Amino acid sequence: MAAAEIRRPRADATRNREQLLAVATRLFASAEAEPSMRAIANEAGVGIATLYRHFPTREALVDAVYRDQVSRLTAGARELLARLGPPAALRRWMDLFGEWIATKNGMLDTLLAMVESGEIAHAHTRTELLAAIDDILEAGRRSGELRADVPAEDIAAALIGIFTVAGSPEHEGMAARLLNLLMDGLRPTRGG
């Protein structure tokens with residue numbers, strides 16, 4: 001088939017896929033346990049066959065949500081830096097990271113099984129996320145607004161710790177305070 005003959009998805013199929021991803025992301029973030037595929041389809045306003053046409057297995061849906069969230073998180077670092085100073089960009093990116101962590105709540109069992117089986121390359125995701133943090137840190141180092149001696153790995157570890165302790169919605173205030181405390185520690189000291 002020639003390149004000109006390749007069919008693009010219909011507009012409604014593209015909308016359905018985007019709607020399914022958005023709903024699955026929201027349900028995974030708010031669920032205590034993994035929501036059923038039927039619940040996701042119902043919430044998205046499509047039939048179960050439509051969901052399975054786009055995502056033939058639960059793993060395919062989890063993989064698509066996971067990849068979409070990682071992409072949004074890494075692109076978010078660049079977008080934030082384009083409109084905010086490095087400290088504000090980093091602080092806002094920390095909120096995005098928390099949202100990404102929350103998304104994994106309702107897909108944790110499937111996600112862990114996929115990481116164990118090698119279906120999702122955890123190391124690649126880690127590299128992407130550390131690069132996003134490092135982009136913001138480097139901009140802050142150049143401007144003198146963020147400390148030069150803190151590696152991205154330390155910030156990632158601190159974020160995981162914060163969202164492990166204060167990742168649920170009822171601890172949102174605590175998470176914000178801990179993130180602000182972390183940001184205070186990332187600012188260079190003046191005058192010694």
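1. Basis of the model. The structure is a predicted model, in which local features need pLDDT of at least 70 and side-chain atom pairs count only at pLDDT 80 or more, whereas totals for chains, interfaces and linings use all residues. Residues are numbered from 1 along each chain as its sequence is written, and side-chain values use heavy atoms, with hydrogens and water left out.

2. Overall fold. The protein has 9 helices and 0 strands, where helices (H or I, at least four residues) and strands (E, at least two) are DSSP runs numbered from the N terminus. Along its principal axes, the C-alpha trace spans about 65 × 45 × 30 Å.

3. Domains. The protein divides into domain 1 (11-56) and domain 2 (59-186), with bounds that come from an automatic or database domain assignment. The C-alpha centres of domain 1 and domain 2 are 24 Å apart.

4. Extent of the interface. Between them, domain 1 and domain 2 bury about 1,100 Å², of which 68% is on carbon and sulfur atoms; buried area here is the accessible area (1.4 Å probe) that two parts lose on being put together, summed over both. On the side of domain 1, T25, F28 and E34 lose the most area to domain 2, and together they make up 50% of what that side buries. Contact, meaning heavy atoms within 4.5 Å, involves 14 residues of domain 1 and 14 residues of domain 2.

5. On the side of domain 1 that touches domain 2, α1 (11-30) and α2 (37-44) each supply at least two residues, and α1 gives the most, with 6 residues.

6. Salt bridges. The count for the protein comes to 12 salt bridges, each defined as a side-chain nitrogen of Lys or Arg within 4 Å of a carboxyl oxygen of Asp or Glu. The side chains of E34 and R58 meet in one of these (3.2 Å, N to O). E34 lies in the loop between α1 and α2 and R58 in helix α4 (residues 58-83), so this pair ties together parts that are 24 residues apart in sequence.

7. Annotations. An unreviewed UniProt entry carries the annotation "domain: HTH tetR-type" over residues 14-73, and such annotations may be inferred rather than shown by experiment. Residues 14-73 are 80% helix and 0% strand, with end C-alpha atoms 22 Å apart. The UniProt annotation "DNA-binding region", also from an unreviewed entry, covers residues 36-55, a span that is 75% helix and 0% strand.
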